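User: I'd like to learn how to read the features of a fold. Can we work through one case step by step?

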Amino acid sequence: MNLDLVYRQAVLSVAGNPRVEALIKGRARGLVRRYVAGETLEEALGVAEALEAQGVHAILALLGEMVRSEAEARAFQAGILELVRAVASRPWPKYVSLKLTQLGLDLSEDLALELMRGILREAEPRGVFVRLDMEDSPRVEATLRLYKALREEGFSQVGIVLQSYLYRTEKDLLDLLPYRPNLRLVKGAYREPKEVAFPDKRLIDAEYLHLGKLALKEGLYVAFATHDPRIIAELKRYTEAMGIPRSRFEFQFLYGVRPEEQKRLAREGYTVRAYVPYGRDWYPYLTRRIAERPENLFLVLRSLVSG
Ligand SMILES: Cc1cc2nc3c(=O)[nH]c(=O)nc-3n(C[C@H](O)[C@H](O)[C@H](O)COP(=O)(O)OP(=O)(O)OC[C@H]3O[C@@H](n4cnc5c(N)ncnc54)[C@H](O)[C@@H]3O)c2cc1C
C-alpha cells in the first residue's frame, strides 16, 4: 500500500475516537468554513448564489449519515424536502445530493426506499435532480439495489455514484448499463480493506480513467467528480479527440477545493458543479477531507499549538 493510502486509512481510523472527535470539533473551525457552506439552508443558498454568479452550478447537500433511528431518518427527509422546495424556487439548475444512510438504509431498506419515493415525488415535478452519494463498501450493494428499484418504478431524475477504488466497480457499471444511469464517477473517500479496494493510488487513478472512458463509450452522461489535474486534462484531451460533445459530461468539485480551476473550466465552456454541503452534522464529511489532504491535518495540529 502506498503512503497516500496509509495516511488516509490512519486518519479515518482514528477519526471515530471520541477524544479525537472532540479535539477536531473544537479546533477545526477554519477548515469547516473552507469546506462547509454553513449550518443553515439560507447560508448554503447564499453560497450557491455566489457560485452561480461565477458560472459554477451548485449541488446542495444537507449533511448527515448513518442515522440510528427512524425518527432521525424522517427528520432528515423533512430537511431534504425543505431543500428541494427551496432550490425549486431558484432560477439556477436544481440539483441536490444525499446519502441513503441518512434516510435509514442501515435500519431498513424499505424505510430508505419509502423516504426516497417521497423525495422524488416532490423533486421530479419541480425539475430537481437527486444524486445518491455512494458510501462505504458494505453499503454499495444496497445502494445499487435501491437505485435500480427507483428506476424500475419510473423515477428518472435520480443519479448514482461509482467509485474507482473498488475492484467490483467495472462489473457494477456494466450491470447498470440497461438503466442508462446519469453517473457520477469518483475515486472513493472511505477506509476500505485491500480485499475490496485497490491498495495503490496509481491503480485507482488508472481505473478512474478506464471506467470514465468506458462509460462515455457506452453513451452514458458522466459527471467526473475529481480535483485531479492530470485526470481532468486527460479527459479534456480524450473527449476532444473522440468528438464527444461537452453536453455528454461535466466536471464536479467539492466546494472550497480548487475554486480557480472551477471558474476556469466554466469559462472554457464546460459544465461545472460544486458540491455544497451544509448543516450541523459536518464532522464525518470533514474527516474525509482531512484524510484526502495531509495539509488539512497540519492546519488542525497548528491550531492546537497556537491555541
Ligand atoms: C462532487 C464530488 C462528489 C463526491 N461524492 C462522493 C461519493 O458519493 N462517494 C465517495 O466515496 N466519494 C465522493 N467524493 C470524494 C472522492 O471519492 C475523493 O475522495 C475526492 O474527490 C478526492 O479525490 P480526487 O479525485 O480529487 O483525487 P486526489 O488524488 O485525492 O487529489 C488530486 C488533487 O486534488 C486536490 N485535492 C484533493 N482533495 C482535496 C481536498 N480535500 N482539499 C484540497 N485539495 C484537494 C489536491 O491538489 C490533490 O493533489 C466526491 C467528490 C466530489 C468532488
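Predicted model: local features only at pLDDT ≥ 70, side-chain atom pairs only at ≥ 80, totals over all residues.

User: How do I read the two faces of a strand?

Analyst: In a regular strand, side chains alternate between the two faces of the sheet. Now look at strand 8. Val-272, Ala-274, Val-276 and Tyr-278 point one way. Arg-273, Tyr-275 and Pro-277 point the other way.

User: How many residues of strand 8 (residues 272–278) are buried?

Analyst: Seven of the seven are buried, so strand 8 is largely enclosed by the rest of the structure. The residues pointing either way are all buried. Strand 7 is mostly covered, with five of its six residues buried.

User: What joins strand 6 to strand 7, and what joins strand 4 to strand 5?

Analyst: Strand 6 and strand 7 run parallel and are joined by four bridges. There, Ala-223 stands opposite Glu-250 of strand 7. Strand 4 (residues 158–163) and strand 5 (residues 182–186) also run parallel, joined by four bridges. In that pair, Gln-163 stands opposite Val-186 of strand 5.

User: Now the helices. How is a packed pair described?

Analyst: Two packed helices are described by the angle between their axes and the distance between the axes. Apply that to helix 9 (residues 201–217) and helix 10 (residues 229–242). Their axes come within 11 Å and cross at roughly 25 degrees. Angles under 35 degrees count as roughly parallel. Helix 9 and helix 10 are therefore roughly parallel to each other.

User: Is the crossing of helix 9 and helix 10 left-handed or right-handed? And which residues make the contact?

Analyst: The crossing of helix 9 and helix 10 is right-handed. Helix 9 contributes Asp-205, Tyr-208, Leu-209, Gly-212 and Lys-213 to the contact. Helix 10 contributes Ile-231, Glu-234, Leu-235 and Tyr-238. By class, this contact has five nonpolar, one polar and three charged residues.

User: What about helix 8 (residues 169–176) and helix 9: at what angle do their axes cross?

Analyst: They cross at roughly 10 degrees, with the axes coming within 11 Å. That makes helix 8 roughly parallel to helix 9. Thr-169, Glu-170 and Leu-173 of helix 8 meet Leu-211, Leu-214 and Ala-215 of helix 9. The classes are four nonpolar, one polar and one charged.

User: Pick a residue in helix 9. Why does His-210 count as partly exposed?

Analyst: His-210 has 13 C-beta neighbours inside 10 Å, so it counts as partly exposed. The cut-offs are 20 or more for buried and 12 or fewer for exposed. His-210 also pairs up sequence and space distances with Ser-164. The two are 46 residues apart in sequence and 9.0 Å apart in space, C-alpha to C-alpha.

User: Last, backbone angles. What is the phi of Met-66, and what is that of Arg-180?

Analyst: Met-66 has a phi near 50 degrees, a positive value in a residue other than glycine. Met-66 sits in the loop between strand 1 and helix 5 (70–88). With 16 C-beta neighbours inside 10 Å, Met-66 counts as partly exposed. Arg-180 has a positive phi of about 45 degrees and is not a glycine. Its place is the loop between helix 8 and strand 5. Arg-180 has 13 C-beta neighbours inside 10 Å and so counts as partly exposed.

How values were computed:
Residues numbered from 1 in each chain as written. Axes fitted to C-alpha atoms, helices over the stretch in contact; angles between N-to-C directions. Helix = DSSP H or I, 4+ residues; strand = E, 2+ residues; numbered from the N terminus. Parallel < 35°, antiparallel > 145°, perpendicular 65-115°, else oblique. Left-handed = near helix turned anticlockwise from the far one by under 90°. Contact = placed C-beta atoms within 7 Å. Nonpolar A, V, L, I, M, F, W, Y, C, P; charged D, E, K, R; others polar. Pairing = 2+ DSSP bridges.
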